[in-house]
Protein chains: 2
Amino acid sequence: MPRSPANLDVPLAALRDYFARHQIIPSITELGRLWQISGRAWTHQLVQRMKHDAFLEEGPGRRLRPGPRFFERGVADTVRAGYADPAHDATDLTLSIDRYLIDKPSETLLFEVRGDSMIDAGIHEGDFVVIERTRTPTVGDTVLALVDNALTLKVLAEDAGGRFLQAANPAYEAIRPTFALEIQGVMVGLFRRTKPTAKS
Amino acid sequence: MPRSPANLDVPLAALRDYFARHQIIPSITELGRLWQISGRAWTHQLVQRMKHDAFLEEGPGRRLRPGPRFFERGVADTVRAGYADPAHDATDLTLSIDRYLIDKPSETLLFEVRGDSMIDAGIHEGDFVVIERTRTPTVGDTVLALVDNALTLKVLAEDAGGRFLQAANPAYEAIRPTFALEIQGVMVGLFRRTKPTAKS
DNA sequence: TTGTTTAGTGAACAACTGTTCACTAAACAA
DNA sequence: TTGTTTAGTGAACAGTTGTTCACTAAACAA
């Protein structure tokens, strides 16, 4: 017999909002309040299912914490009946942004971009760039390098004179290393927060 | 008499490591175990001080969560001994990019960008855009709108003729609605994966 | 009709929660 | 010496925790 769908969507959405507000997964009692369930037994049941589906998991001391799938999100790229509904999404593609951008957490660092030297690559001031330290840089990669004792993001280039760093902005000149290039890592991703005019 | 320094550094460091491992602030009893304190009263005392100093704070249901200063670190964007150390370099959002980009999970959806109509805003084909559905759009915001039964990302503009949609690319013409604009949400963030030539 | 599954309630369990109180040990200043 | 502050222990408090059990209500298939 196939497992029934067991509609966790509504309580899960409520819990996700709760977690975004409080950074805490509450107790069974409080979850019952949040979901408007009277008996604690039923709340417990729903939590068990969320644990089974990896939306939640149990930390030390029986405390609940978000599981691997907790931060997954639906992606809308087609329109259904002229209306994009995230709850019943066309594609069942879900992704967690962290997992999408970061493959090896221990070898990854974030770097906040300063200046407009990479503007033509769509990298703006204030953007955060995801850097993988251990990846070996290839010509054409965007790399984080040490120039004049400061970290800078540039494209790794090569010509007859050897390897050098190039900005993605014609206003900047190429940087040729005195000895060797000190490359700290390779860019593998980027994210930015864009602020709408008014905070809701 | 000035308040003594009250050395919280050691237990705080231990707690930070614990939190990095488990994403949870544990109970007083477990904290006592972590700090190797016998009586729960003294553990309680230390927690009170951490609350007072904004390293911890109390969430709903008396549950502890990290406070504003919990993720504090030393100087970030300078280079230490000519080497970028991820431990001291990454800011507090080492935690979670999801949390950085998404405020209200249930009202947020992701949208994959097609085309180059927003290229001047640093939004490329293949980028994922974070959309908040319930935020009321203001002129100047980047919005997800329904045009010819397809979702498209444009800037909301206004002139004497009323509101219309504008691309961030001079090659595209403005879109004037036949009746009303069908705006699905407002862009609040963006992320992209840039593929270095070889998958490591 | 009957049977089965899902949804939901309410009471009861020991174990654990945060907190308070009374107490001791060391450090240090007057 | 005496007094005060900080560090730390141990017992006791009522309230809350997660869990289990027994039970009812609705939906739906045979």
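Start by selecting B:Phe19, which sits in helix H1 of chain B; helices (H or I, at least four residues) and strands (E, at least two) are DSSP runs, numbered from the N terminus. You are looking at a predicted model, where local features need pLDDT of at least 70, side-chain atom pairs count only at pLDDT 80 or more, and totals for chains, interfaces and linings use all residues. Residues are numbered from 1 along each chain as its sequence is written, while chains are lettered from A and ligands numbered from 1 in the order in which they are written.

**Around B:Phe19**

Leaving out residues up to four places away in sequence, B:Phe19 touches B:Ile24, B:Ile25 and B:Pro66 (contact: C-beta atoms, placed from the backbone, within 7 Å).

**Helix H3 of chain B**

Next, select residues 40–52 of chain B, the 13 residues of helix H3. From first C-alpha to last, H3(B) reaches 18 Å, close to the 18 Å expected at 1.5 Å a residue (1.5 Å times one less than the number of residues). Color B:Thr43, B:Leu46, B:Val47 and B:Met50, the buried residues of H3(B). They cover an arc of only 100° around the axis, so they share the same side of H3(B); the arc is that of the directions from the helix axis to the C-beta atoms. They pack against helix H1 (9–22), helix H2 (28–35) and strand S1 (56–58) of chain B. Turn to the other side of H3(B) for the exposed B:Ala41, B:Gln45, B:Gln48 and B:His52. After H3(B) comes B:Ala54, with a positive phi near 70°.

**DNA strand D**

Show DNA strand D and the 18 residues around it, of which A:Ile28, A:Thr29, B:Gly39, B:Ala41 and B:Trp42 come nearest (near: C-beta atom, placed from the backbone, within 6 Å). H2 (28–35) and H3 (40–52) of chain A and H3 of chain B each supply at least two residues of this surface.

**Where the chains meet**

Finally, show both protein chains: 58 residues of chain A are in contact with 62 of chain B. S10(A) gives the largest share of chain A's side, nine residues. S10(A) pairs with strand S8 (residues 183–193) of chain B in the antiparallel sense over five bridges; pairing requires at least two bridges found by DSSP. End at A:Phe191, which stands opposite B:Phe191 in S8(B).

Terms used
A residue is buried if 20 or more other C-beta atoms lie within 10 Å of its own, exposed if 12 or fewer, and partly exposed in between; C-beta atoms are placed from the backbone. Two residues are in contact if their C-beta atoms, placed from the backbone, lie within 7 Å.
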